[in-house]
Structures are given as C-alpha cells and as structure tokens.
Amino acid sequence: MDSRNQPLTEALFYILLASRKPVHGYGIIQEVDEMTGGRVHLGPGTLYGAISSLLDKGWIVLYSAQPGSRKKKEYVITPAGRAVFAAEMDRLRELAHNGRKMEDFA
C-alpha cells in the first residue's frame, strides 16, 4: 500500500498542519499544544523522530538552519505533504459524515 494513502497518526497530522509556515521544532510543540488545548503534547523524541520520517518521505523540507544549532532549524510542508494532508482531511470528513449516521439511532 502506498504510504500516501494510509491514515496519518495524530502526531504527523499536527506536525504537517504546524508546518504550513516555516517553524522550528519547539514552535511545532507549542503550536500543537495550543491547537489541542494541551491534549496532544509532542515530546522531543516523538517530534524529531516524526520530523526525520517526514523529511525522508519528502512531506516537509528543511527551510532554514543555523549552522551548529539544532534549535534553529525551520521546516515547512512540501506540495507532496500538502497532498497527503488534503487526502487525510478528505478521509476524516468521510469518517465524520458516516459517523453522524449513528446519531440517527441514539
């Protein structure tokens, strides 16, 4: 199965969403915390493992980096990452639409 057609983990979903503009790792952590009201907290290990995976897949790219400093690297979503994100949004909309059918039986 093509990885672009697989559901995104919640962490990957929010990292792609946060990287819609250039952002550094700590900025991603802060934005995800804010977007989810603290429900989703990305630890550094999870974040940088996910960033490595997203870079390998070509869904984000290194936007800028200060030599010798991990903290000063900024990432941004690629067109391929936007396509994956859009496909995930379509999948989630379908799930929500079909899930609403259960409300008819409540």
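In this predicted model, Thr78 lies in the loop that links strand S3 (74–77) to helix H4 (79–99). The residue is buried, because its relative accessible area is 10%, below the cut-off of 20%. Leaving out residues up to four places away in sequence, Thr78 touches Gly58, Trp59, Ile60 and Val61. One of these contacts, Gly58, follows helix H3 and has a positive phi, near 80 degrees.

Val76 is placed in strand S3. Its relative accessibility is 15%, so Val76 also counts as buried. Not counting residues up to four places away in sequence, Val76 touches Ser19, Arg20, Lys21, Pro22, Ile60, Val61 and Tyr63. Val76 and Ala18 are separated by 58 residues in sequence, yet their C-alpha atoms are 8.5 Å apart in space.

Strand S3 belongs to an open sheet of 3 strands. The strand order is S1-S3-S2, and the pairing is antiparallel. Strand S1 (23–24) and strand S2 (60–64) stand at the edges. Each has a single partner strand, so one side of each has no neighbour in the sheet. S1 and S3 run antiparallel and are joined by 2 bridges. Across this pairing, His24 stands opposite Glu74 in S3.

The largest nonpolar core was examined next. In soluble globular proteins, nonpolar side chains tend to be buried together. Here the largest nonpolar core holds 24 residues. Those touching the most other members are Leu8, Ile15, Leu16, Ile28, Leu42, Leu47 and Leu54. At least two core residues come from each of helix H1 (10–18), helix H2 (25–35), helix H3 (44–57), S3 and H4. H1 gives the most, with 7 residues. Leu42 illustrates the contacts of one such member. Apart from neighbours within four places in sequence, Leu42 is in contact with Ala11, Ile15, Ile28, Ile29, Val32 and Leu47.

H1 is largely enclosed by the rest of the structure, because 7 of its 9 residues are buried. The buried residues of H1 are Ala11, Leu12, Phe13, Tyr14, Ile15, Leu16 and Ala18. Their cover includes S1, H2, H3, S2, S3 and H4.

A search of the whole structure returns 2 aromatic pairs. In one of them, the ring centres of Phe13 and Tyr14 are 5.3 Å apart and the planes meet at 90 degrees, so the pair is edge-to-face. Phe13 is buried, because its relative accessible area is 13%. Tyr14 has 15% relative accessibility, so it counts as buried too. Phe13, Tyr14 and Phe85 form one aromatic cluster.

Phe85 is also among the buried residues of H4, which are Gly81, Val84, Phe85 and Glu88. These cover an arc of only 95 degrees around the axis, so they lie on the same side of H4. Pro79, Glu94 and His97 are exposed on the other side of H4. H1 and S3 are included in what covers the buried residues of H4. The helix has 21 residues. Its span from first C-alpha to last is 30 Å, close to the 30 Å expected at 1.5 Å a residue.

H3 has 14 residues. Its first and last C-alpha atoms are 20 Å apart, close to the 20 Å expected at 1.5 Å a residue. Leu47, Ala50, Ile51 and Leu54 are buried in H3. Their arc around the axis is only 105 degrees, which puts them on the same side of H3. Gly45 and Asp56 are exposed on the other side of H3. The cover over the buried residues of H3 includes H1, H2, S2 and S3.

Technical notes
Residues are numbered from 1 along each chain as its sequence is written. This is a predicted model: local features need pLDDT of at least 70, side-chain atom pairs count only at pLDDT 80 or more; totals for chains, interfaces and linings use all residues. Side-chain values use heavy atoms; hydrogens and water are left out. Helices (H or I, at least four residues) and strands (E, at least two) are DSSP runs, numbered from the N terminus. Buried means under 20% relative accessible area, exposed over 50%, partly exposed in between (1.4 Å probe, protein chains only). Contact means heavy atoms within 4.5 Å. A nonpolar core is a set of buried Ala, Val, Leu, Ile, Met, Phe, Trp, Tyr and Cys residues joined through side-chain atoms within 4.5 Å. Rings of Phe, Tyr and Trp (its six-membered ring) pair if their centres lie within 6.5 Å; planes under 30 degrees apart count as stacked, over 60 as edge-to-face and the rest as tilted. The expected span of a helix is 1.5 Å times one less than its number of residues. The arc is that of the directions from the helix axis to the C-beta atoms. Two strands pair if DSSP finds at least two bridges between them.
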